[in-house]
Amino acid sequence: MNALPATIVAALASVLGDGPVPLHEPHFDGNESRYLFDCVASTYVSSVGAYVDRLEADLAEFTGAKHAVATINGTSALHIALLLAGVQPGDEVLVPALSFVATANAVRYCGATPHFLDSQESTLGLDPAAMRSWLAEISTMKSGECVNQATGRRITAMVPMHAFGHPCDVVGVMEVAAEYGLPVVEDAAESLGSLINGQHTGTFGLLGTLSFNGNKIATTGGGGAILTNDTQLAKRAKHLTTTAKVPHRWEYNHDEVGYNYRMPNINAALGCAQLEQIDSFIASKRRLYDIYLEALRQVNGVTLFSEPRGSRSNYWLQTLILDKDKVDQRDEVLETLNDNGLMARPAWTLLSSLKPFLGCPSAPLTGARLLEQRIINVPSSAGLA
Ligand SMILES: *Cc1c(COP(=O)(O)O)cnc(C)c1O
């Protein structure tokens with residue numbers, strides 16, 4: 001039992017018992033059925049309804065953002081947030097290579113090109129120091145705009161992401177962004193409930209986005225939200241996500257090409273019930289972290305990722321980091337865990353290596369590449385602790 005894969009399985013099985021244990025499953029212990037039934041009984045299941053307004057108000061209160069606008073999913077929230085940040089066709093947008101595909105897809109939906117940046121081991125997110133030296137090397141300021149000298153394209157936004165719920169150094173990232181006049185759109189899809197110095201992730205940048213997909217810490221089935229403290233931007237977000245319809249009792253007038261990105265009332269109802277339980281979901285996940293930490297204490301060759309200093313993680317997905325000299329055993333660890341019914345997965349394939357993004361501009365990805373080879377996410381559902 002001293003081979004690394006078997007040792008990790010034994011440690012996790014001591015917590016989880018025999019499988020199968022999914023990576024993450026939703027938890028419906030509150031008013032979900034009641035609120036859903038209420039939608040059906042009232043016939044308000046679709047594009048208008050009181051639960052949408054309530055979810056937006058509840059999200060604003062929970063995150064401390066002045067405004068929250070609910071959307072059909074997290075990807076559409078990112079798309080609209082980037083448009084509102086001023087991203088135009090032909091621009092470049094700085095994104096971490098170590099992220100879910102939605103981060104780069106949303107850039108493409110704007111007709112812009114993702115420009116990939118490196119991530120750091122201490123946070124699993126964008127590395128401000130590496131970003132600063134990369135921008136100093138490749139960019140130039142032309143009439144107040146940041147331009148990539150190699151491509152001639154404007155760089156018009158930056159999208160830090162909080163990987164697996166663990167807060168990245170968004171304060172450091174924002175300092176670099178400010179030096180180049182770049183607005184920041186925070187992809188906080190995974191970090192509902194995660195804080196930096198007491199402030200909610202997704203509320204640092206000009207705009208932030210959340211996801212309520214079925215695998216996230218709180219779910220609406222499918223859904224997302226845009227967060228902002230800017231009242232004008234919030235109004236624009238609502239308008240653009242609701243087909244740009246000019247409010248009127250009977251007239252159908254649309255004053256620009258908008259999007260049908262609104263969240264249906266039935267999904268918002270589920271979200272309201274989930275938000276009522278968010279504190280207990282977070283407490284449970286933080287407890288699971290403590291339990292895993294204890295179980296893995298004697299295991300050499302792997303570290304359980306801990307929230308960066310000064311931050312509070314929601315521990316959405318528990319993250320193992322293999323030692324650098326153990327990367328050749330990653331696939332065997334993954335195989336062994338899954339063979340034993342303990343669902344585990346690696347980090348995403350770096351976005352810069354995906355077919356649709358081959359050839360996009362990229363900083364050196366030394367940190368991200370190493371993390372890609374070392375990360376293993378293990379069962380993390382709120383019900384496990
Ligand atoms: C889940 C997720 C999104 C968006 O998700 P949807 O499935 O569209 O709700 C965006 N970025 C990251 C990093 C995510 O994990």
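**Close-up views of the predicted model**

**View 1. Lysine 326 and aspartate 325 form a salt bridge, with 3.5 Å between the closest N and O atoms.** The model is predicted. Aspartate 325 is exposed, because its relative accessibility of 59% lies above the 50% cut-off. Arginine 330 and aspartate 331 also meet through their side chains in a salt bridge, at 3.1 Å from N to O. Here arginine 330 counts as buried at 18% relative accessibility, while aspartate 331 counts as partly exposed at 47%.

**View 2. A salt bridge connects the side chains of arginine 154 and aspartate 91.** The N to O distance is 3.1 Å. What is the relative accessible area of aspartate 91? The value is 3%, and aspartate 91 is buried. Arginine 154 has a relative accessible area of 23% and is partly exposed; the value is not under 20%, so the residue does not count as buried. In total, the structure holds 13 salt bridges.

**View 3. An open sheet of 5 strands has the order E3-E2-E6-E5-E4.** The pairing in this sheet is mixed. Which strands stand at the edges? They are strand E3 (113-117) and strand E4 (139-142); each has a single partner strand, so one side of each is left without a neighbour in the sheet. On average, and ignoring direction, neighbouring strands of the sheet are turned by 45° against each other. E2 and E3 run parallel and are joined by 5 bridges. Valine 95 has phenylalanine 116 in E3 as its bridge partner. Helix H6 (residues 128-138) lies across E2, E3, E4, strand E5 (145-148) and E6. The angle between H6 and E4 is about 65°.

**View 4. Helices H4 and H5 (residues 101-109) pack with their axes 9 Å apart.** The packing angle is about 45°, and H4 and H5 are therefore oblique to each other. The crossing of H4 past H5 is right-handed. On the H4 side the contact is made by Thr75, Leu78, His79 and Leu82. On the H5 side the contributors are Ala102, Thr103, Ala106, Val107 and Tyr109. An α-helix has 3.6 residues a turn, so residues three or four places apart point the same way.

**View 5. Strand E10 (residues 207-211) is mostly covered, with 5 of its 5 residues buried.** In a regular strand the side chains alternate between the two faces of the sheet. One side of E10 carries Leu207, Thr209 and Ser211, and the other carries Gly208 and Leu210. Is each face covered or exposed? Both faces are covered, and the residues on them are all buried. Strand E7 (residues 185-187) pairs with E10 in the parallel sense over 3 bridges. In this region, valine 185 stands opposite leucine 207 in E10. Strand E11 (residues 224-228) runs antiparallel to E10, and 4 bridges join the two. Leucine 227 in E11 is the bridge partner of glycine 208.

**View 6. Helix H12 (residues 366-374) has Ala368, Leu371, Glu372 and Arg374 as its buried residues.** What do the buried residues of H12 pack against? The elements are strand E14 (318-322), helix H11 (330-339) and strand E16 (375-378). Threonine 366 also lies in H12. This residue is exposed, with a relative accessible area of 59%. The C-alpha atom of threonine 366 is separated by 6.9 Å from the C-alpha atom of aspartate 118. Along the chain, threonine 366 and aspartate 118 are 248 residues apart.

Conventions
Residues numbered from 1 in each chain as written. Predicted model: local features only at pLDDT ≥ 70, side-chain atom pairs only at ≥ 80, totals over all residues. Heavy atoms only, no water. Buried < 20%, exposed > 50% of the residue type's maximum accessible area, 1.4 Å probe, protein only. Pairing = 2+ DSSP bridges. Salt bridge = Lys/Arg side-chain N within 4 Å of Asp/Glu carboxyl O. Axes fitted to C-alpha atoms, helices over the stretch in contact; angles between N-to-C directions. Parallel < 35°, antiparallel > 145°, perpendicular 65-115°, else oblique. Left-handed = near helix turned anticlockwise from the far one by under 90°. Contact = heavy atoms within 4.5 Å.
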